[in-house]
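Please keep the viewer open as you read.

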Amino acid sequence: MTVLLISDVHSNLQALEAVLGAEPDVDAVWCLGDIVGYGPNPNECISLLRTQNAVCLAGNHDRAATGDLDTSTFNTDARAACNWTENALSNDSWDFLRSLHPSDSIDGIQLAHGSPRDPIFEYVFNLSIAVLNFDRFDADVCLVGHTHVPLIFTRQHVPDGPPEHATAIPEPNTPFVLKGFRSIVNPGSVGQPRDGDPEAAYMLLDSKNLTVTLKRLAYDVAKTQQLMQQAGLPANLVQRLSHGR
Ligand code: ZN
């Protein structure tokens with residue numbers, strides 16, 4: 001089975017449409033949370049993922065948009081976008097977001113928006129945090145989002161010694177073999193990449209051969225930015241899409 005792994009769409013319809021359009025032959029779509037927040041098309045992104053029967057997790061921005069998470073920890077721009085999103089959500093979208101959970105397990109693979117031990121809030125952005133999380137799930141593979149940076153953390157069992165850990169920055173279009181390791185895999189962000197590359201990021205999971213392949217895809221950034229400006233969303237959020245920051 002080939003699974004399209006996406007995360008942190010953040011209401012960016014142009015990016016989501018580009019990614020889904022580029023991968024029409026996948027068997028399933030798994031979205032690791034933060035469908036909404038920051039961008040101009042929350043309802044359209046939710047509808048599109050629902051028509052794909054995508055497995056969706058709840059992220060912190062999804063929780064905030066339905067009023068279920070205190071936004072005092074958000075910065076000013078994120079809070080402004082959250083308030084905008086809360087007003088823009090249809091009743092249907094609101095019900096859908098509230099039905100989601102921040103973690104799940106499918107076919108023996110663990111899924112969490114943030115981390116296994118704190119699925120809503122924790123960022124697995126370095127190896128020391130990854131190491132602490134390997135003891136908090138049983139599966140060989142855990143998929144996470146939330147940091148907006150594509151990364152793979154691995155733990156390898158070593159006979160008569162402590163396990164060895166490593167961080168891998170995945171190469172686009174190059175299958176990364178997960179066999180022989182336990183791993184925490186982040187496919188990056190579709191709608192607001194933060195690794196310095198403005199192209200949408202996602203991964204393809206080959207569940208039979210247990211590989212993940214990072215993909216980067218150009219989309220119509222200018223169109224998303226224009227819609228954000230029209231919606232009155234904060235200028236910093238508009239600008240950062242150009243820089244992938
Ligand atoms: Zn996010």
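This is a predicted model: local features need pLDDT of at least 70, side-chain atom pairs count only at pLDDT 80 or more; totals for chains, interfaces and linings use all residues.

Residues are numbered from 1 along each chain as its sequence is written, and side-chain values use heavy atoms, with hydrogens and water left out.

**The chain as a whole**

Taken along the principal axes, the C-alpha atoms fill a box of roughly 60 × 35 × 30 Å. The chain has eight helices and 12 strands; these are DSSP runs numbered from the N terminus, with helices being H or I of at least four residues and strands E of at least two. Of the 245 residues, 55% count as buried, meaning under 20% relative accessible area with a 1.4 Å probe and protein chains only. Among contacts (heavy atoms within 4.5 Å) between residues at least 6 apart in sequence, 72% join residues at least 24 apart.

**The zinc site**

The zinc ion has protein donors from Asp8, His10, Asp34 and His148, at 2.0 to 2.4 Å. Donors are N, O and S atoms within 2.8 Å of the metal (3.2 Å for Na, K and Ca); water is not among the atoms, so sites may look incomplete.

| Donor residue | Donor atom |
|---|---|
| Asp8 | OD |
| His10 | NE2 |
| Asp34 | OD |
| His148 | NE2 |

The angles subtended by the four donor atoms run from 87 to 175°, which makes the arrangement irregular. Along the sequence, the donor residues follow the spacing D-x1-H-x23-D-x113-H. His10 sits in the loop between β1 (2-6) and α1 (13-22), and His148 in the loop between β6 (141-144) and β7 (151-156), so the pair ties together parts that are 138 residues apart in sequence. His10 is buried at a relative accessible area of 1%, and His148 is buried too, at 2%.

**The six-stranded sheet**

Strand β1 brings us to an open sheet of six strands, in the order β3-β2-β1-β11-β12-β9 and with mixed pairing. Its edge strands, β3 (55-56) and β9 (176-177), each pair on one side only. Two strands pair if DSSP finds at least two bridges between them.

How many residues of β11 are buried? Six of the seven residues of this strand (200-206) are. β11 runs antiparallel to β1, joined by four bridges, and Leu204 of β11 is the bridge partner of Leu4. With β12 (211-217), β11 pairs in the antiparallel sense over seven bridges, Ala200 having Leu217 as its partner in β12. The two strands form a hairpin with four residues between them, and Leu210 in the turn has a positive phi of about 55°.

**A residue in β7**

Finally, look at Leu151, which lies in β7 and is buried, with a relative accessible area of 13%. Beyond its neighbours within four places in sequence, its contacts include Phe125, Ile169, Pro170 and Ile184.

Definitions and conventions. Four donors count as tetrahedral if all angles lie between 85 and 135 degrees; four count as square planar and six as octahedral if opposite donors are over 155 degrees apart and all others between 65 and 115; anything else is irregular. Buried means under 20% relative accessible area, exposed over 50%, partly exposed in between (1.4 Å probe, protein chains only).
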